[in-house]
Amino acid sequence: MNAMTPPPTSASDDISAVGGPGTVSGHRGLQLEEALIFELDRPGHAGVDLPPVPDVPLRLGGLAPRARIGLPDLSEPEVVRHYTRLSQKNYAIDAGIYPLGSCTMKHNPRLNEKMARLPGFADVHPMQPESTVQGALQLIDALAHWLKTLTGMPAVALSPAAGAQGELCGMMAIRAALDHREGGKTARRRVLVPESAHGTNPATAVACGFTVATIPANDRGRVDLEAFKAKLDGDVAAIMLTNPNTCGLFEPDIVEIAQAVHDVGAFFYCDGANFNAIVGRVRPADLGIDAMHINLHKTFSTPHGGGGPGSGPVVLSEPLAPFAPYPYLVHTADSLRLVESAADPTADGRAFGRLKGFHGQMGMFVRALSYMMSHGADGLYQAASDAVLNANYVMARLRDLLPPTFEGPCMHEALFDDRSLKDTGVETLGIAKALIDEGFHPFTVYFPLVVHGAMLIEPTETESKRSLDRFINSLRGLILRAKAGDTAHFDAAPHFTPRRRLDETQAARKPVLRWKQG
Ligand SMILES: *Cc1c(COP(=O)(O)O)cnc(C)c1O
């Protein structure tokens, strides 16, 4: 056992063997220590109580089990309690403010869930005959209509499973369009990416066989237009730009950037992960964008903590649309059908291929469309406006204690850093850990990478003024505490969580992902 292993919770009278922060059990209030379900295993204590199976021949075609497969034996209430306790250790937007910049953790209306659970959507199988899933295809078609209308784009590829795969889809469409135009493999080698970009942007460009040329930011946190123009020539395949950018700022030169990109025959990929700040207010097509992924799980609600599920449809301009991947929907006289491959007689063979099994994340499609239809165009406009207002409120109420990194109003997220704490010995990490003790999920730390000690706060439209005030007041209290010299508090925070400071480097470098019999 190392220091991070929880004390045993299996039946044991030997309470002297367990320790913890001041309690004999290791529990804290109603925060219960919980071992892995495999550690709770008590062979022979399964919840079922059936007589032994009489001697009947197995009908498994010779595939008789050779040994126990190692599933833990527990009674039903033990299993229920185990998973309920685990669920209580999970912080969620349903539990409180979740101000992770860049992630857009917004309230997921329960109506979405109700719709996604309708059996006609929840129980469809991707291999059902098309004639039996016309309703599901109509829903996908309606979602596509909304996405095209909101972005002003003529086409959308719906299959990408998340933002990162959407980027891959968009860049593969761009590469296919360039290959087609140049009658073979494109000679263009470079993709321009601002230095503040999300890591998935350069990774995508490289995965598509391009090299990345980094564009520096100016002192206002925007693309340095002169540096950008100096790197732009006929060797450039595309620019990948995020707008609003990862500093939470609108790129005011975006139309000029698009024009310059098109003038050298390149394409404009926009990382649309921050679409929630502008949805209903600006149509990306009007800015000159050729391809943009939309994180349905950010802009259009739907829960996405813990790594999934996601959905990253990509809208495409006229020149890119023919290169969209299979499958895509087409209207026939009286129904909808999916074109699945080049073997389809209606396909013109320009699709770059297939990105993913089946047709995309059906449950996410339902949630996103439910969100759009229940808000309406005016409601989406309002949600974007309120998200921006909330972020600016946070910025305004903190600025005297914690100066924002860049001057001027922000979009949907407020960016700060720890410069003003320089003399206190407290850094961004200490503030974030101390926030946990105050009952708040920390903001995003150390991203974007271009800002030293970044603190990126995205409240979203979900939070009321009261909830924002509670968060801001706590943060102000912590900053005053840091400035008063209580460095020790921050070095040791969090104080009240079941686990204190974990060795994050060790966890990242040597993750223990499999339980092994001790
Ligand atoms: C979230 C995000 C992505 C990646 O999206 P996933 O759905 O997590 O793959 C890309 N770029 C930016 C700016 C993001 O915030």
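Predicted model: local features only at pLDDT ≥ 70, side-chain atom pairs only at ≥ 80, totals over all residues.
Reader: How many helices and strands does the protein chain have?
Author: Helices (H or I, at least four residues) and strands (E, at least two) are DSSP runs, numbered from the N terminus. On that basis, the protein chain comes to 15 helices and 12 strands.

Reader: What is the radius of gyration of the protein chain?
Author: Here it's taken over C-alpha atoms, and the globule rule is 2.2 Å times the number of residues to the power 0.38. The C-alpha atoms fill a box of roughly 75 × 75 × 40 Å along the principal axes. A compact globule of 518 residues would come out near 24 Å, which agrees with the protein chain's 26 Å.

Reader: What share of the 518 residues is buried?
Author: Buried means under 20% relative accessible area, exposed means over 50%, and partly exposed is in between (1.4 Å probe, protein chains only). Counted that way, the buried share of the protein chain's 518 residues is 47%.

Reader: Among contacts with a separation of 6 or more, what share joins residues 24 or more positions apart?
Author: A contact here means heavy atoms within 4.5 Å. Of the protein chain's contacts with a separation of 6 or more, the share between residues 24 or more positions apart is 69%.

Reader: How are H5 and H11 oriented to each other?
Author: Axes are lines fitted to C-alpha atoms, for helices over the stretch in contact, and angles run from 0 to 180 degrees between N-to-C directions. H5 (residues 134–151) and H11 (residues 362–398) pack at about 45 degrees, with axes 10 Å apart. The two helices are therefore oblique.

Reader: Is the crossing of H5 and H11 left-handed or right-handed?
Author: A crossing is left-handed if the near helix is turned anticlockwise from the far one by less than a right angle, and right-handed if clockwise. For H5 and H11, the crossing is left-handed.

Reader: How many charged residues are in the contact of H5 with H11?
Author: Residues touching here include Leu139, Leu143 and Trp146 of H5, and Phe365, Met372 and Gly376 of H11. Ala, Val, Leu, Ile, Met, Phe, Trp, Tyr, Cys and Pro count as nonpolar, Asp, Glu, Lys and Arg as charged, and the others, Gly among them, as polar. The tally is 17 nonpolar, one polar and, for charged residues, none.

Reader: How many nonpolar residues make up the contact of H12 with H13?
Author: H12 (residues 428–437) crosses H13 at roughly 130 degrees, their axes coming within 10 Å, which makes H12 oblique to H13. Ile431, Ala434 and Leu435 in H12 meet Phe471, Leu475, Leu478 and Ala482 in H13. With no polar and no charged residues there, the nonpolar count is seven.

Reader: Is Thr302 buried or exposed?
Author: Thr302 sits in the loop between H10 and E7, and has a positive phi of about 70 degrees although it isn't a glycine. At 2% relative accessibility, Thr302 counts as buried.

Reader: What relative accessible area does Phe358 have?
Author: Phe358 is another non-glycine residue with a positive phi, near 60 degrees, and is found in the loop between E9 (336–339) and H11. Phe358 counts as partly exposed because its relative accessible area is 40%.

Definitions and conventions
Residues numbered from 1 in each chain as written. Heavy atoms only, no water. Parallel < 35°, antiparallel > 145°, perpendicular 65-115°, else oblique.
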